[in-house]
Amino acid sequence: MKNFFYTTIKGLAILVIIGCWGCQDEDSFLDKKVSASLNEQIVFADSAYTMDYLTAIYEGLYFWYNTGSSATATNGSWSEITDECETKWPGGHNVPNQVFDGTFGEPFYNRIAKLWSHFYTRIRQCNIYLENVNEESPLSNALKARTKAEIRFLRAYHYFLLMEGWGGVPLVGDTIYSLSSPNLQVRNSWAECVDYIVSELDAVAPMLPVRYTGRDYGRITRGACMALKSRVLLFAASPLYNGGSPAEEPALKELTGYPSHDETRWLKALQAAQDVVNLGVYELKTDNATRPGNGFYELFLERVSDEIILARMQGPNKQVERNHLPRSRGGNFLRYPTQELVDAFPMMNGLSIESPGSGYDPEDPYKNRDPRFYYTVIYNGASYFKRTSNQMEPVWTYKGASQDGLKPVTANTGTSTGYYSRKMMDERVTGDGSATTDRNHPVLFRYGGILLNLAEAAVETGDIPLAMEQLIALRRRAGIDPGADNRYGLPADPSQEEARQLVRNERFIELAFEMQRFWDLKRWKAGDWLDGAMMHGMQITKKGDEFSYQRIETRHRYFKDNLYYFPIPPDELAVNLGLIQNLGW
Amino acid sequence: MNTPGRLWTTPEVAGLTNRRCVLNLDQMYKISTRSSCGTSSRMQKVLLVMKLMTTMLLLSILQVSAETYAQKLTMNREAVSIRQVFKEIRKQTGFNVLWKSDMLDASSLIHVRFIESPLEEVMQTCLQGTGMTYTVDDKTVVIRRKHQSRTDVTGWELSQQLRVSGSVTDTTGAPLPGVSVIIKGTTNGVSTDIEGNYTLGSIEDNAVLVFSMVGFETREIPVSGRTLVDVRLREAISEMEEIIVVGYGTQKKQEVSTAISQIQGDDIRKTPATALQNSLTGKIPGLYTQQRSGQPGAAGAAEIYIRGVATFTNASKQPLILVDDVEYNSEQFFLIDPNEVESVSVLKDAAATAIYGIKGANGVILVTTRRGKAGKPVIRAKTQWAVQTPVHRLQPLDAYQTGLLLNEALRNDDLPEKFTEEDLELFRSGEDPYGHPNVDWNKVLFKNSSMISNNNVDISGGTDRIRYFVTAGYMFRDGILRGIDAREPRLAASQAADNINNNYYQKRYKFRSNVDIKATNTLDFQLNVAGTYNETNQPEVTGPISHVYEFEYLTPYIYPVYNPDGSFGYANPEWGEPRGSNNNIAGLIALGGYSRKLNDFMNVHLSGRQKLDGLTPGLSLTASIAYSAANEAQKNLRRAQQFPSFYYNPEDASYSPRDVNLFRIAPYSQSYARGTPERRLNVQGSVKYNRAIGAHHVDGLVLFNQTSGMKGPNAPVNFRGYTFRFGYNYRQRYLFQVSGAYNGTSRFVTQKQYQLFPAVSLGWNLANELFFQDALPFVNVLKFRGSLGWVGNDDIGLSGDEYLYEDEYGRVGNYSFGETHNNFEGIEEGKQGNYDVTWETERKFDLGMDFSIFNGRISGSVDYFDNYRYDILTQRSTVPTYFGVQPADLPPVNIGEVSNKGYEIEIGGKTQIGKVGIDIKGNYSFARNKILYMDEPPAKHPWQKATGLPIGTQKQYIWEETFYMDDEDIANSATPPGAIQHGWLKYRDLNDDGIINIDDMAYIGHPNLPNTNIGLNLGVTYGGFSLNVLLQAALNFDVYTGFDMAIPFKTVPQPIHLNRWTPETAETATFPALTTNFVGTYMNPRGNPSTFWTVEGDYLRIRSAQLSYRFPVPLVKKAGLENLTLFASGYDLFTWSKVLKKYQFDPEIKEGAAHFVYPSQRIVNFGLEVTF
């Protein structure tokens, strides 16, 4: 054993030698090697990084639309569950399509939870900016003030998106939570949320310029604040929220709208819309000289526009073309119009297709329609640019037509309604070519929408002529014939109900595919009407050179009370018993 | 001084406790010296001894320390028998004592007190009063009568003398040098020479010869008057002498007190799988594998776990894999050619893995490659050809039945039928092959069988100074795509001109050169150089494998393969096109191009060992450096869908193009992308000590280990560790080992980089107790062992360039400000850091028992383990999301806890009945884990709690084993919201609220990983024939039917859909009523999984079978060969499984992915092995 101890000591000695050799660079060998990554201190100590941080919040500007943005925590614009369009995927792939059957499984909850989380992440990012851009920030004082105002708008915008989805939500103010913060926040009432957003917007609007030029174009303007305010107050005054929440329980009713109806909310909405108009910097893009409605068409193809109040800015792109054109134009036809949308377009004379004397011919249904129709819908025989032949060529959607012909509703290889969308598209751009358009896309607020807000509020406050005035402005720009009475097909003295329907229809067609329909139907509390409704398409049969038209049914719609508000994520409820779940979830 | 005594080996030092072996070694020594007497050349004597020594060294890697023993004796005992004194003489001096029983009563007792007494004194004391004297004849003390003359001695030895000679070979016919041949009852004998020959003179004709050698079974053969006795020795079935590869060294199996299983290369090679992991399945207790795909060379095709899994996050669950001390990742491991493997050791408990410290928690696999043996060069060539056929093949319904079912589904949905009666009749009759095609796409696209060829050449041999093992191999594994011709002249010309191979295949080129250099008598070097070049090919087109299952792509009636004019067919637009207007699949295969992945993996490992016996015997110093480099690249030849195909309308014989814009075949576009290079440099230095002093055996290891890893642009991953092991045993009876590692990793913050992972083990070899040997002499091994220790896992699922302890702000997306487009880059708060983040730790406890009885004819082991993994790095899920941190950005915290318990039983039996040798080995492994803590939000209902259940348990609805039969049934049952039809699945309403919704989903069933694995190996030998069959079963796991697997009209209709619910078949139906929009219903398994879609995965497989024939040696020798073996073997020959029966996919395939993977392949292999 003596030898063993002797050896052990020798062995240890050798180990010590090796160890010392190994330890000499102890500090560096296992320590962090690269330091390219950023952190809070680095970012806010650097003016360029600080501006990049702001950029990321713009990048995350969420929109209810499926154009492949990283911000789309859910797929789909929700418009495919309304009467606006049908979708390529007959279910399962996109959450909104689960809604067709009311089968809200785990994926639905998961996607909704992602959305909720996405918005609150944006709000936190905004708060981090507000806290860190302080006296020590290298930005100039003017820039600090302006960018903070931009940030406060963006925060308010994300709150509004939360309210659209869930009603009243927890307002976290300027808090940046640490992960060990107590989890005690409860939902604020609808009224508190509206007041908070409006007060924020009122506060920052004066601090922001009316217009940007050069490299700053596209940032938040005073007009954007006022447009958002108009939208918030329009929601606040709308039937669902203005005392119309389906919730019975008082606590939940207060969270999902005002507990009682109050007509004066429409006055506020009217004023907010009027304020945007009064700002005097926006106008409808009009060009009926080139061809009727050309202004309506080009409005979406411009990078700099007097009509667009706020858009999510991108470089030259073809997102909308690639996603929605038919196959023959290299597109994915993710969603395409229903017969309901097509029928909503009036004739060139402004009269609805049901009106006596409208001139509508069921055997030639696409003739002499509102010019906006031709810039919104690709119908059987409509011309669209074809890359391979390098010219405008008809798109054929009749039953049996090669590629773009009518398909069964369960297929996903073509339209099941006989239509494709072309709203906001550049007719020289196709899904398969390399051509793109340098445009704002998608548009979040535009002047045309503000006029519709104004018209709606005017109807509800009883000022029918003011409402009609806005519709006339829009129809004039659309290229509709003024008619002998110069009323563009509008009745001279409509009742309030008639005017309401006219305004709502105008909103449907003017803002088709602009991410509005689902939210409009919600706030109008139109669920009862939509639930169970069968959507339609047009089956066109070709015999020789003749076409015959037959309306066909496509799919039912689901819209029960639970669809007015999204479910609060179940895990969120599980960890905070103070949160109240929405109705029906 | 070069006296024989210097080279003496004492039995204790050699560590051979088997009493017979002790005797053998004694005899070997004595024999060698005696035979060298004839030459009386000192030099030759030494050489002979050295040969013996070499043999022993090969068998016992443990260094035998050489000690000088003076011929002096120390012994102090009262009443000791003379025999025992003589024994002691042998033990202490090495001198044997020879006597004849009529001369001396060796059992008579004497009192002795010797202290360093010379031999003469001892002998005189012993022989006092016996009238005997002695002579010392070359280390043998021969007792004789006083005054007896030399001639007398001869007479005394034997009256009838025979001279017997012969040769000793192993069962393969190879000569065995160094076998001791002893006359039974005496200590007389010789050992065989280098050719295995021996000669013994002066033998009585009724003598019995005992042939023995370490590692072989001892045989006793009566001479019966013969003069030629040839003997074959079988390798010892006793595993007592087996050497086990343990971490950073080897141990004798007897001395192992930890849970380690080892398998030899020959046993691995009995399974003809091309990848190593598939050859291990079912052979090692505690090793779980799942073969996820049968695609040649598919990465990640198999998963391999030791004792199941014990972590539920992204942390790696795969064991640490070391090949000759060089770390391999699992993909590199899968590329190892079984041919170059000497042994595989699986380290399971803490005492075995603690020396790997922070990397050992998931267990360790040690692969040892083959090395050369001194001798003339042995060239061994092995060629194998195999036929592979899919284990299963989907049998979809034909066009007629598909049409019937589709019409039925449309009727159920109140939609117009798709096909008319005439259409269906035409499908059935096949009279309109163009207008109403009926194509079996499996047959069109896939061959029934494909080929594997595998060729290897090894050269090994060497001298005392240099030994080498060099091997090179080429393996080609073909794929199942059928070659499809383009028939249209333009396309055919293009196809012929391009002449590319786009089939699935794998080509693997391997080489390895393992060289051992003995630089000086005390300094050895090992240089291992190994390389793999692997090429994996597949068609560039997406989905020939998956599309044959997918209704949206390929129905039996979608299009004919060719039109009448030879062009590729395309879908009838009236009936709808394939999804995404996918072009004709046959055309895509013919013209679509390939996607080829190239992998290189090279490693060099140099190690040197300096023996420091001069300092103190048994001490050595080892240093090694290993460098490995892996590269990958991707080469693609792509045409996408760019070739014309046409819908042919037989009514007017018109052709309509699929794409009116596409008039010609597009040229191929080529692309090449480099993958992520990976480098790893490992430096090790260690001091080892291994020594027996008398009955005490100690071994010690201290090791320094440092690795720098680099992978593409990721942050380097550095590791540094200090490892120690100290082992002690007393006469191999009482075993003690303490080991551990003090490890550090660069993945954590400086203050949290290092940790000590200790382990201790104890063992008791009951069978080595003398009293036990006396009582139960037929028990050769009975060992109890236990261990406890802590090990870590620092591979916690980092995606690469990140340090978990840091908060990170990251670059995200762009935004375009400006009146003209200006790209602005964004930055946002990214993942949050946790300063305290550290590795996972597992406490492993193991109790085991090994036994061997009847000379190893029955042997086995039993292990029980209780592992507790804690500090599992988990993302918290109770942080409210309104805090504004994305769940993915939440900092990981070390809070998860999992318990993993189980047991393993291995039992084997071997016997020889006449010429028939039988070898049966079975193992049973069970491992069940349970999540103890995982920061789960409070469950709304008790059945929605994952904590407390095995990892991976699925949350799902519970099918009531019935359907909604009619309106009344629907009205009286709980129902999901939304649409519901008669014949749909009825789920259980767990919370009794009348509505089936997410509240009714429960964690239920088994996870996808089996908790029980069974292997049964049967081997039979007869003469040159040997047959080996391996049965393997996995139990207690569920396979979840994925989205596309069985949903009608997502998958092509299968036989299971014929059993759908209809009002008429309501009682016997096994599948719900059909609907065209199944995915839109509550029954959709994606999102709404239920037990209806869950199938027990349990399977039993004939995993492999091998039949080989070894030609008789004389015959082979005539042909100038050493050995010639023919063999036939099979892999995955047969499978019993419910999954396979019900859904027609392999039970091992990853859940939810069945449609998209290449079917597992049954392999039938034929081979020839020649040794020169």
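**Entry 1: the cores**

I looked up the largest nonpolar core in this predicted model, and that core has 186 residues. A nonpolar core here is a set of buried Ala, Val, Leu, Ile, Met, Phe, Trp, Tyr and Cys residues joined through side-chain atoms within 4.5 Å. Buried means under 20% relative accessible area, exposed over 50%, and partly exposed in between (1.4 Å probe, protein chains only). A:Phe153, A:Tyr159 and A:Trp166 have the most contacts inside this core.

Next I checked A:Phe153 (contact means heavy atoms within 4.5 Å). Leaving aside neighbours within four places in sequence, its partners include A:Leu201, A:Ile220, A:Leu310 and A:Phe445. I also noted a second, separate core of 40 residues, with A:Leu301, A:Tyr420, A:Val443 and A:Tyr549 among them. In soluble globular proteins, nonpolar side chains tend to be buried together.

**Entry 2: ground rules**

I count residues from 1 along each chain as its sequence is written, with chains lettered from A and ligands numbered from 1 in the order written. Local features need pLDDT of at least 70, side-chain atom pairs count only at pLDDT 80 or more, totals for chains, interfaces and linings use all residues, and side-chain values use heavy atoms, without hydrogens and water.

**Entry 3: where A meets B**

I found 102 residues of chain A and 101 residues of chain B in the contact. Together the chains bury about 8,500 Å², 59% of it on carbon and sulfur atoms; this is the accessible area (1.4 Å probe) that two parts lose on being put together, summed over both.

How many salt bridges are there between chain A and chain B? I noted 5, where a salt bridge is a side-chain nitrogen of Lys or Arg within 4 Å of a carboxyl oxygen of Asp or Glu. A:Arg327 forms one with B:Glu577, their closest N and O atoms 2.4 Å apart.

**Entry 4: salt bridges inside chain B**

Over all chains, the structure holds 92 salt bridges. I picked out B:Asp478 and B:Lys447, with closest N and O atoms 3.8 Å apart. B:Asp478 is buried at 13% relative accessible area, while B:Lys447 is partly exposed at 23%.

I then turned to B:Asp850 and B:Arg785, whose closest N and O atoms are 2.9 Å apart. This pair links strands β40 and β37 of chain B, 65 residues apart (strands are DSSP E runs of at least two residues, helices H or I runs of at least four, numbered from the N terminus). Both B:Asp850 and B:Arg785 are buried.
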